[in-house]
Amino acid sequence: MLASPISRSARRFTVLLAQMDNLLAERLGEPLRGQGYRVSLSPQIEKVESCLALLHSENPDVLILAASSGGLALCRQLRQSGCSLPVLLLSDGDAISERAAGLEVGADDYMVPPYSAEELLERVQCQLRRFHNRGGGLLRLADLTLNTGSREVRRAGRSIELTAREYDLLLFLLERAGEILSREQILQGVWGEHFDSESNVVEVYIRYLRLKIERPGEKKLIHTVRSVGYSLHD
């Protein structure tokens, strides 16, 4: 599968609705589906570990939580775990203190009742513009994304910190996802044609990159092709 810049016409964005009753979830989900979004529902999530597992399986672009049903605490825990997925919190009231509390725990935006379809769609679209078109294209392979404008790398909702050279290597691989690349191609493309061809720098940085983007239990993305080189694919 080839990685490509995300566009509205290229894929359906996914919105995950959580920590809310089914009636509210269906009310919010209807206008989202009407605009072509894929909507996933999870009424109650007890632990942040369960939420992270759900984010890994559903791979949403935006998470919407009801603040009064445990959404505030869950949002705080997600941010503490390193998750940078856009989060929109829903409040039961319109008190300024409630909005402040939502932003303090790391929410990206806050909605107060009544929840109009027009406002919901605009706020979701705003988050997508901020996080998926921030000065550049977004390359995606499975649940791994790289924003070429912000240089932000994420997998399954978690933010991944890369050095400049690790970023260059991942970008080179993503732009050629599905291809089998020789060690010499990678060396020339990332380090330049004048770099010592006898160096093991490619192997070293492939190992560094694997440690950061392939946690235990996650699907392997960087594959070694014996006697040839490497290939990035899902």
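The salt bridges in this predicted model come to a count of 13. A few of them can be followed one at a time, starting with the pair E26 and R33. Their side chains meet in a salt bridge, with a distance of 3.7 Å from N to O. How exposed is E26, given its relative accessible area? At 39%, E26 is partly exposed, because that class runs between the limits of 20% and 50%. R33 is partly exposed too, with a relative accessibility of 38%.

The next pair is R38 and E58. Their closest N and O atoms are 2.8 Å apart, and the two residues form a salt bridge. R38 sits in strand β2, which covers residues 38–42, while E58 sits in helix α2, which covers residues 48–58. The two are 20 residues apart, and the pair therefore links distant parts of the chain. R38 has a relative accessibility of 34% and counts as partly exposed. E58, at 22%, also counts as partly exposed.

Are the two partners buried or partly exposed? E203 is partly exposed, at 29% relative accessibility. R183, with a relative accessible area of 15%, is buried, because buried means under 20%. Salt bridges can also share partners: D143, R155, R158 and E218 are joined into one network in this way.

From charged side chains we turn to nonpolar ones. How many residues does the largest nonpolar core have? It has 28, and those with the most contacts inside the core are V153, L170, L173, I186, V202 and L209. Several helices and strands supply at least two residues each. The helices are α6 (164–175), α7 (183–191) and α8 (201–213). The strands are β6 (138–141), β7 (144–147) and β12 (229–232). Helix α6 gives the most to this core, with 7 residues.

Key:
Residues are numbered from 1 along each chain as its sequence is written. This is a predicted model: local features need pLDDT of at least 70, side-chain atom pairs count only at pLDDT 80 or more; totals for chains, interfaces and linings use all residues. Side-chain values use heavy atoms; hydrogens and water are left out. A nonpolar core is a set of buried Ala, Val, Leu, Ile, Met, Phe, Trp, Tyr and Cys residues joined through side-chain atoms within 4.5 Å. Buried means under 20% relative accessible area, exposed over 50%, partly exposed in between (1.4 Å probe, protein chains only). Helices (H or I, at least four residues) and strands (E, at least two) are DSSP runs, numbered from the N terminus. A salt bridge is a side-chain nitrogen of Lys or Arg within 4 Å of a carboxyl oxygen of Asp or Glu.
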